[in-house]
Each structure stands twice: as structure tokens, then as C-alpha cells.
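Here is a short briefing on one protein model.

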Amino acid sequence: MLEGAIAGLTAGGAYAVLGLCLTLMYRLGRVVNLAQAAIGVVGVYTMSVLADSGVPYAVAVLAGLVAAALVAAGLGYMMGRWFAEAGTDQRSAIAIAYLVGLLAVEYLVFGTDPRQIPGVLGGPLATVGGVTITQAAAVCVAAAVLITAGVSVFLARTAVGLRLRALSQRPTTAELMGIPSRRLGVGLWAVTGVLATAVLLVVAPQQNSDQLSLGLMVIPACAAALVGGFRSLVGTAVGGLALGALQGALAHVSQLQEFRDVVPFVAILAILLWSQRGEVWDAAR
């Protein structure tokens, strides 16, 4: 089970990074971007197509990141251009339409068959106490930690971070003060699109790589973001890593392995019920 939990940190790191993207989009962009992983799929499949055509891996990866950034920026521009005054609920509903639309376009452009995604991080990194730590797991965990620390410092210590926080808390006042809300919003979408693509490029070679499976990784990412209340970056990172480790451990228990994919849904339900405990207790009294 311990080895399974360590192996599950590959997926856990991906959940954490995607959850961090969701948290940032909610805090700074007023949207639960359920299309986050689907945007990353655009970059992953672009890289795969180019790599299969003989393009060097590094160039294909760069092209995939650029493609995802452009798609994310385009979606962000439409959100800011047409739905700037919409509330969080409305913008999140539009993000669901983005998810469905992106999956449809991806099936049209890349086909419906799963692809073999090339990767360079498939081997073991080290063995500690008989437990093998893979390169992919180490990279995903490190990415979750570094992104959490880097974003926290960026929002607290930089002028752009201060402007983004101002836009999220007092959008009208910030715009009256001359802060370019639309450009910052598009930039936020583009950056989170690049982050989603980068982490999917690491995990896609290690698991099912069809568009739907990768796009629906947003569900455990939502569970991770809920652990942090869509506010705490540290809580989100811890939640994502814990979720992946739990799924990996369950995969090594024969009686429970068939239920490991249900873990994110159970986590979401449990967190939602826990968050409403005060209202339930007041009603009972």
C-alpha cells in the first residue's frame, strides 16, 4: 500500500496543480473553470501529433504549451468581453459550455482514438526502504510545492499580483483606477492553461490518455480545491496530493481497487456536507 501511495503521488501532483489553477481562477477570475483540464488536453495532443510527425520532442512540447496558451487566452477574452458583469455562478456555467465545446472540437481535430503520449519521465528516480519513487511522481510533487510557494509570493509581493487581488475584490474600483482588467484576465487564463498542459504532459504517458479521461481530471482537481475552500493554496496542494496517494494505496487492495475512481466524488460529497454542518445543526436545534 505504501508503494501504491507513492506511485499515486504522480496523479496527486496533477490534481494539486490543476486544483491550484482552479483556485486561482476562482479567487482572481470569479469562475470555477471546469474546462481547465480540457485546455491542457489541447496542448498534450498538439505535442503528440507533432512528435509523431517527427518534430523533436522539446519543440513539440513548446508548441503544445503555446497552443494551450492561445486557446486559454481566447476563452478568457470571450469571458471578459461578453460576460464581464456576470456573477461567479453564471461564469462557471459558461465554463461548463467551454468544457463540452473543447471536448467536441478535440474529438473532431484529433480523432476519437486514444493516443500514445510520448514522455521522458517514465523511469524510477530512487528506491528508499524498498519503495520505488518514480521521476514523474517526484516532478509532480515538486511542481505542486513550487507553484504553491511561487504563486503565494507573486500575489503578495508583486505589483501585478496586487492588481489581480484588487480586481478580484473590488473590480469596479480597480477599473476606475486604470487597472487593465481585460488584459490581466486573459493573461491569467493563459498562464493557468500553460500550467495545466505542463502537468498533463507529465502524467499522460503514465495513464489512460484519451481526451475524456484527461479532461475529466478536473473532477479530482475540484475535490482538491474544495479541501482548500477555493481559497487556500496550501490546502489545495495538500488535498490533491492526499487524494492521489489514497487512490494509489487503494489500487493495491484487491477488495477496494475497483472503488478508487469513486474517491474524488466521495471527497467532494463529504466536504460539501461538512461545509453545511452549521446550517444543519441550527435547523436541528
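The largest nonpolar core has 68 residues, and W189 and M217 touch the most other members. Helix 1 (residues 2–29) gives the largest share of this core, 11 residues. The model is predicted: local features need pLDDT of at least 70, side-chain atom pairs count only at pLDDT 80 or more, and totals for chains, interfaces and linings use all residues. Residues are numbered from 1 along each chain as its sequence is written, and side-chain values use heavy atoms, with hydrogens and water left out.

**Terms for the core**
- A nonpolar core is a set of buried Ala, Val, Leu, Ile, Met, Phe, Trp, Tyr and Cys residues joined through side-chain atoms within 4.5 Å.
- Buried means under 20% relative accessible area, exposed means over 50%, and partly exposed is in between (1.4 Å probe, protein chains only).
- Helices are DSSP runs (H or I, at least four residues), numbered from the N terminus.

**Contacts of M217**
- Leaving out residues up to four places away in sequence, M217 touches A14, Y15, L18, L200, V203 and Q207.
- Contact means heavy atoms within 4.5 Å.

**A144 in helix 5**
- A144 sits in helix 5 (residues 135–157).
- A144 counts as buried because its relative accessibility is 0%.
- Beyond neighbours within four places in sequence, A144 contacts G13, A16, V17 and L20.
- A144 and G19 are 125 residues apart in sequence, yet 9.6 Å apart in space, C-alpha to C-alpha.

**L256**
- L256 is found in the loop between helix 11 (233–250) and helix 12 (263–275).
- L256 is partly exposed because its relative accessible area is 38%.

Technical notes
Helices (H or I, at least four residues) and strands (E, at least two) are DSSP runs, numbered from the N terminus.
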